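Me: I would like to learn how to read this model. Please take me through it feature by feature.

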Amino acid sequence: MKVRILVSLKDSVLDPQGQTVKNALRTLGYGSIKDVRQGKVFEIELEGISEKEAEKIIPEISDKVLANPIIEKFSWQILEKG
Amino acid sequence: MAKLKFGVVIFPGSNCDYDTYYALQDVCKQETTFLWHKEHDLKNVDCVVLPGGFSYGDYLRSGSIAAFSPLMQEVKEFALKGGLVLGICNGFQVLLELGLLPGAMLRNKNLKFLCQFVHIRVENDKTPFSHRAKRGQILKIPIAHFDGNYFAPPEIIQEIKNNSQIVFRYSDAEGQINEEANVNGSSESIAGLINKAGNVMGMMPHPERASEVLLGSEDGRVIFESIITKLN
C-alpha cells in the first residue's frame, strides 16, 4: 500500500518561504498568483496491514513524527491499495 | 565550593559539544562529561546540557529526530524529577520537540542563517539559570541559527507571560525591545524560555561562545555561574 502524506504550516502561522516563492513568481510576471504555502510530501509504503489499520497508523505517525502539531497540519491519501 | 558534574549530550551533528565542554570544564572548572545519545545512562550528572549544532542534519525539523534518541527518555525523566536541563540553540529546538518546553521554532523571518552577536535583556532573574544576573541587565552573546523564530499560539504566549517564563528577550545595546533587534522574528522577542516548573531552560544564543574575553564577550558565563551557585 502506498500513501502520500502532505504536511504544511497551519493557516494561522506565517510562512516566510511560501511568501518568498510568491514574490518570485509575481516578479516573473505571474500577477494572478495570490498566495503560496509551502509544505512537505512524504510517500510511505506499507506492508502486511489492512486499509483499516493503515487509517489508524497514518494519523498517528503524522501527529507524532512527521508534523509538529503546534505549527503544522497534515492531510493524506492512499495512492495504491494492496 | 563543591564541584558539580555537568553532562553534555552528543548527537550526530552536534557541533558545539566541545565548546560547551570547554566552557564548563576549563573556564568554569566544573567536572564535565559527555553523554552519548544512544546510551541510557546519565552518569549521575547534576545538570544536563543539550549543545548547539545540527543534530541529524536538521532533517524533518530542527531537533525533531534527536528528540527520539534513547538518551532523551532519561533526560525527560530527569527533567520531570526536577533536574536542571539547559538547551542551547539546537538544544532548545530539541527541548521544544520533546515537549519539555512549549511552542515551536519557525525559519528566521528574513530566511537567512544568522551568525552574529546579539544583545539579550534579562527578563527573569529568579531562575536557576539567571539568578546571578540582574533583571534588565543586557548580555552580549552570539547566535548562529536558521530556525530561531520562536512561535506559540496566543493562549500559550499568554500563559508564558503570566508565569514569567520568558528569561531573555532580544534587545538593542540599550535594552530596548523593538522589531529591528528581534533579528529572527520571535514572538515577544523571546530568546530564552523556561518551563513552568523552573528547571528546564532553552535559549538560542550561545553562552559557551561568550565565556571568555578572548571570544569577544564573557557575558555568557553568568548563565553557567548561576547554575553552579544554584546547585551548590
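Reply: Start with pairing. Two strands count as paired if DSSP finds at least two bridges between them. Note that this is a predicted model.

Me: Which residue of β3(B) is the bridge partner of B:Val8?

Reply: B:Val49 is the partner of B:Val8. The strands involved are β1 (residues 5-10) and β3 (residues 47-50) of chain B. They run parallel, joined by three bridges.

Me: What is the strand order of the open sheet in chain B?

Reply: Read it as β2-β1-β3-β4-β11-β10-β9-β6-β7. That makes nine strands, with mixed pairing.

Me: Why is one side of β2 and of β7 in chain B left without a neighbour in the sheet?

Reply: Both stand at the edges. β2 (31-36) and β7 (138-145) of chain B each have a single partner strand, so one side of each has no neighbour in the sheet.

Me: Which strands does helix α2 of chain B lie across?

Reply: Helix α2 (residues 70-80) lies across β1, β2, β3, β4 (84-88) and β11 (200-203) of chain B. Its angle to β4(B) is about 125°.

Me: How many residues of chain A are in contact with chain B?

Reply: Interface size is often given as the accessible area lost when the parts come together. Seven residues of chain A touch nine of chain B. The chain A side has four nonpolar, three polar and no charged residues.

Me: What about confidence?

Reply: Where pLDDT is low, predicted coordinates should not be read in detail. Chain B averages a pLDDT of 96, and 99% of its residues score at least 70. The model scores ipTM 0.86 and pTM 0.94.

Terms used
Residues numbered from 1 in each chain as written. Chains lettered and ligands numbered in written order. Predicted model: local features only at pLDDT ≥ 70, side-chain atom pairs only at ≥ 80, totals over all residues. Contact = placed C-beta atoms within 7 Å. Nonpolar A, V, L, I, M, F, W, Y, C, P; charged D, E, K, R; others polar. Helix = DSSP H or I, 4+ residues; strand = E, 2+ residues; numbered from the N terminus. Axes fitted to C-alpha atoms, helices over the stretch in contact; angles between N-to-C directions. pLDDT = per-residue confidence, 0-100.
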